[in-house]
Amino acid sequence: MQAATEAPVSLKQAFKDDFYVGAALNGRQVSGNDAKALNLIQEQFNTISPENLLKWESVHPQPDVYNFEPADNYVTLGEQEDMFIVGHTLVWHNQTPKWVFEDEQGKPVSKEVLLKRMEDHINTVAGRYKGKIDSWDVVNEALNDDGTLRQSKWLQIIGEEYLQKAFEFARQADPEAELYYNDYNLWKPEKRAGAVRLVRSLQEKGIKVDGVGMQGHYGLESPSLEDIEASIKAFSDLGVKVSFSEVDIDVLPNPSGRAGADIDATFDFDEKYNVYTTGLPDSVQQQLTARYAELFDLFKKHSDKIDRVTFWGVTDNDSWLNNWPIKGRTSYPMLFDREYQPKPAYEAVLKAAAK
Ligand code: XIL
C-alpha cells in the first residue's frame with residue numbers, strides 16, 4: 001500500500017474516481033505467453049477488451065464450430081483480477097465469416113435465416129458469459145461517415161430491423177450486461193448525428209441502449225478536441241454512458257490522410273510511410289505526449305459522462321497500427337514502448353489525472 005500523498009503508480013489508480021482504464025488484449029497476453037505484458041496489464045488496468053478473440057470469425061468460425069478456449073481464458077483473467085470485462089463484438093460486417101450470410105450454394109440467405117443465425121450466435125456467445133462479461137459491443141460500425149447506415153450484409157438482408165434485433169437478442173441472452181453501440185469517427189458531425197439518430201430510434205422502439213463507444217483511433221492533429229467534446233455531450237444527452245473503447249494515436253504519415261479505422265482501407269507497403277524504423281524522434285515524442293495530455297484533460301473534464309477509456313493494445317509492439325493501414329510498419333501509438341517501459345505520454349496522462 002502506498003501513502004495517499006504519493007504520486008499514483010498506475011493508470012487505474014490515477015483515474016479511480018473518474019472512469020475505468022483498460023486495454024485490448026491479444027491471445028499471447030491472455031494465455032500468459034507474453035508475461036511482461038501480462039504484468040503491465042495486472043498493474044495498470046481495471047478493464048479489459050478482447051482485441052480479436054470474441055469476434056465472430058474467431059469464436060464461431062464454422063456453422064457448428066465454436067472456439068471458446070481463448071475467450072474463456074480472457075474472461076477467467078478478468079475475473080481473477082476483478083476487472084470490468086468487455087465483450088467485442090456481436091454484430092459487425094468485418095471479421096465475420098462469409099458462410100454467415102450464405103446458403104450451401106453460396107446464395108444470400110433469407111432474412112429469417114440470417115436473423116436465426118444472429119440469434120443463435122448471440123445466445124450462445126453472450127449466454128455463455130452471462131454474468132461474467134459486463135459490457136457488450138452489440139453492434140459495431142453500422143454507420144457510414146456521412147451518418148447513413150452502412151450497406152452491410154446485415155442491412156441488405158435483414159433491413160434496419162437488424163439493429164433492434166441485435167440489441168433484443170443480447171438483452172435476452174444476458175439481461176444484466178451493458179449493451180453498447182460502438183463505432184469510429186464518431187467525432188465527425190454527420191456521423192455523430194447518425195449515431196444520435198440510431199440510438200434514438202432504438203430508444204423510441206423501447207430498446208434500452210446503455211452506452212455509445214467512441215473507438216478513438218486518432219491522429220496527432222485530428223480530430224479536434226472540440227469535435228470530440230461535442231460528441232461526448234451529444235451522446236451523454238441521450239441518457240447513455242459514453243466510453244472511449246479503442247484509443248490509440250497514430251504518429252505515422254499515410255497515403256490518404258485517412259481518419260478513422262476502416263480495417264478494409266489498406267495500402268501497399270511503402271518505405272516513405274514507415275519513417276521511424278529506428279526510433280521516434282524527440283520532437284514527435286513530444287507531440288505524442290502533448291496530444292495524449294490534451295486528450296486526457298478532456299476526458300477528465302467530462303469524467304461525469306465517461307465510463308471507461310480503453311487503449312487498443314498495451315505496448316507499441318502489439319498495436320494493430322504496425323499493420324494497418326499498411327503492413328509492416330513500426331508504429332508508436334501506445335503509452336508503453338517496445339521494452340514495456342512507460343513513455344513520456346504515460347507520465348503526461350498521470351498528470352492529467354492529478355489536475
Ligand atoms: C482490429 C485488430 O486490432 C486487428 O488485430 C485485426 O486484424 C483487425 O481488427 N475497429 C474495431 C476493432 O472495432 O475490432 C479493430 O481491431 C480496429 C478497428
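**Exercise 1: the second largest cavity**

The second largest cavity holds about 40 Å³ of space. This is a predicted model, where local features need pLDDT of at least 70 and side-chain atom pairs count only at pLDDT 80 or more, while totals for chains, interfaces and linings use all residues. Residues are numbered from 1 along each chain as its sequence is written, and side-chain values use heavy atoms, with hydrogens and water left out.

Task: find which residues line the second largest cavity and sort them by class.

Solution. 
- Step 1: set the rule. On a 1 Å grid over the protein atoms alone, a cavity is a set of points where a 1.4 Å probe fits but cannot get out, and lining residues have an atom within 4 Å of a point. A volume is the space filled by probe spheres set on the points, which are joined across faces, edges and corners.
- Step 2: read off the lining. Asp183, Tyr184, Asn185, Leu186, Trp187, Met214, Gln215, Gly216, His217 and Tyr218 surround this cavity.
- Step 3: sort. You get 5 nonpolar, 4 polar and 1 charged residues.

**Exercise 2: the largest cavity**

Task: what is the volume of the largest cavity, and how does its lining divide?

Solution. 
- Step 1: the count comes to 3 cavities of 30 Å³ or more.
- Step 2: the largest has a volume of about 50 Å³.
- Step 3: its lining includes Val91, Trp92, Arg150 and Tyr162.
- Step 4: that lining splits into 6 nonpolar, 3 polar and 2 charged residues.

Key
1 Å grid on protein atoms, 1.4 Å probe; cavity = no way out; pocket = protein on both sides within 12 Å on 5 of 7 lines; lining within 4 Å. Nonpolar A, V, L, I, M, F, W, Y, C, P; charged D, E, K, R; others polar.
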